[in-house]
Amino acid sequence: MRRRLVTVYLSLLVTACLGLAFPLCTAIASGNTGDMVIDRSNDTVRFASLAGPALESGETEALGAELDAYYALYDIRAWVFDRHGGVVVSSGVSAGTTVSGEELRAALAGNRSAGADTLWPWDTQALVVVEPVVRSGEVIGAVATESPTDALRWSTMWQWGVVLGSVLLVLTVGTLALNPLARWVLRPVHDLDTATRRISDGELTARVPAEAGPPELRRLSESFNRMADTITTLLSRQRTFVSYAGHQIRNPLAALRLRVDGLAAHLNSAGAADHALTLDEVDRLARICDTLLQLARTGPGRERAVDLDVREVADARVAAWLPIAERSGMDLRRCGAHHAPVRLPDGILDQALDVLIDNALKFGGAGVQVAVHVYPPRDGKVRVHVVDNGPGLAPEQLEKAAAPFWRSPDSAGAAGVGLGLSIVATLLETYDGELRLDSADPHGIDARIQVPTEVPNPVDEE
């Protein structure tokens, strides 16, 4: 943005300076030429008034002396012509004339000199002025003067130099003022960017100073601060709610575990496996509550990663859901890699697989087959596919399925509010993972989880 601001500012400054300089230089050259033409026209008219009696009487000695004195004083040559265009008297070392035939004929026809075009510093021609000599209403000759233009051109160049120096001075001052001006304009934008980054990093107390910069940007800073205050308040209320909910659920879960654990003495060997799975589920719910409490205390951020085997996590989740699948006449199995080590926060994959398996069993229909495929690590990633052969969703519905509160039109009456996939997608993205929903072949849904093989711990990132 700074580069664009500098470019626009300098372009406008240069355009304004040149837009004023060029017309001013043109006016200077035209004005100097006009002043010289008027001055020479007056001298030529005076010589024409002197030449009238001399041409009538034929006594031109006094007129010639006048022209010679004028030449000696101003270095301006002059000629007096009779009515036929012949030179009667002239000044200077040569009697030759540079007056064009067209100018002379116009003067002998009684027309005064029309002046001259603008003389530029690079023009080298002399200034010629021709005036008719009129006596008793009759043209009896003409007078011409030829003036060198060196002084005129040097004067114009000097004045142009003053204009150029003024333009350079304005450009220099404007360029020197550019950095302070850019800082003044962009300071609120820089502060806004800094505050946004700090808030994104979890520093919710960051705010934007609203004392400097243009009024529009100051108002933007004030609006941003009000928005940040509102978001901070909402997050604080949300954190309080999560803390309260986690605390209130944790106590009943502890009591539930004690009661379930006490049931072990009343079970036979056939129910021991189910009893162990139930205890594991209660412990997992307790860990989830502990995670909620920790998040409520520390705010957003990554949890500490631990060493896990994706295959073992998948096996545990399939084993937990297998009784439900068998009771509903569904086929649930785990396929794929024998070993897929990763470093992730505990519970991330558990929650993601629970949601995907639950959806596959819930919406797949009777007799659905659900397979959890675990693939070995590749390119620093581990992939897990939860594939079912149920009715599936249309491609346009798959794109919306992970949106909050979205539910398929065919799922009316089914339990849930449409938040499971949204939570999984957000949870995976927090740890650089990804959830992708595709159509299975020949029908059904292929839910793909991809997670990095290692997530740095917060201490490692510092």
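Analyst: Strand β1 (residues 77-82) is mostly covered, with five of its six residues buried. Buried means under 20% relative accessible area, exposed means over 50%, and partly exposed lies in between (1.4 Å probe, protein chains only). Helices (H or I, at least four residues) and strands (E, at least two) are DSSP runs numbered from the N terminus. This is a predicted model, in which local features need pLDDT of at least 70 and side-chain atom pairs count only at pLDDT 80 or more, while totals for chains, interfaces and linings use all residues. Residues are numbered from 1 along each chain as its sequence is written, and side-chain values use heavy atoms, with hydrogens and water left out.

User: Which strands pair with β1?

Analyst: Two strands pair if DSSP finds at least two bridges between them. β1 pairs with β4 (residues 138-147) in the antiparallel sense over six bridges, and Asp-82 has Gly-141 of β4 as its bridge partner. β1 also runs antiparallel to β2 (residues 87-90), joined by three bridges, with Phe-81 opposite Val-87. The hairpin of β1 and β2 has four residues between the strands, and there Gly-85 takes a positive phi near 90 degrees.

User: How do I read a core, and which residues of the largest one touch the most other members?

Analyst: In soluble globular proteins, nonpolar side chains tend to be buried together. A nonpolar core is a set of buried Ala, Val, Leu, Ile, Met, Phe, Trp, Tyr and Cys residues joined through side-chain atoms within 4.5 Å. The largest here has 44 residues, and Val-310, Leu-332, Leu-353, Val-372, Val-386, Leu-435 and Ile-449 touch the most other members. Elements giving two or more residues to this core include α8 (310-327), β8 (369-374) and β11 (445-452). Its largest share, nine residues, comes from α9. A second, separate core of 15 residues includes Ala-48, Ala-51, Leu-55 and Val-133.

User: Is Ser-41 buried or exposed, and what does Ser-41 touch?

Analyst: Ser-41 is in helix α1 and counts as buried because its relative accessibility is 13%. Contact means heavy atoms within 4.5 Å. Not counting residues up to four places away in sequence, Ser-41 touches Val-129 and Glu-131.

User: Where is Phe-22, and is Phe-22 buried or exposed?

Analyst: Phe-22 is also in α1 (residues 2-57), and counts as exposed because its relative accessibility is 58%.
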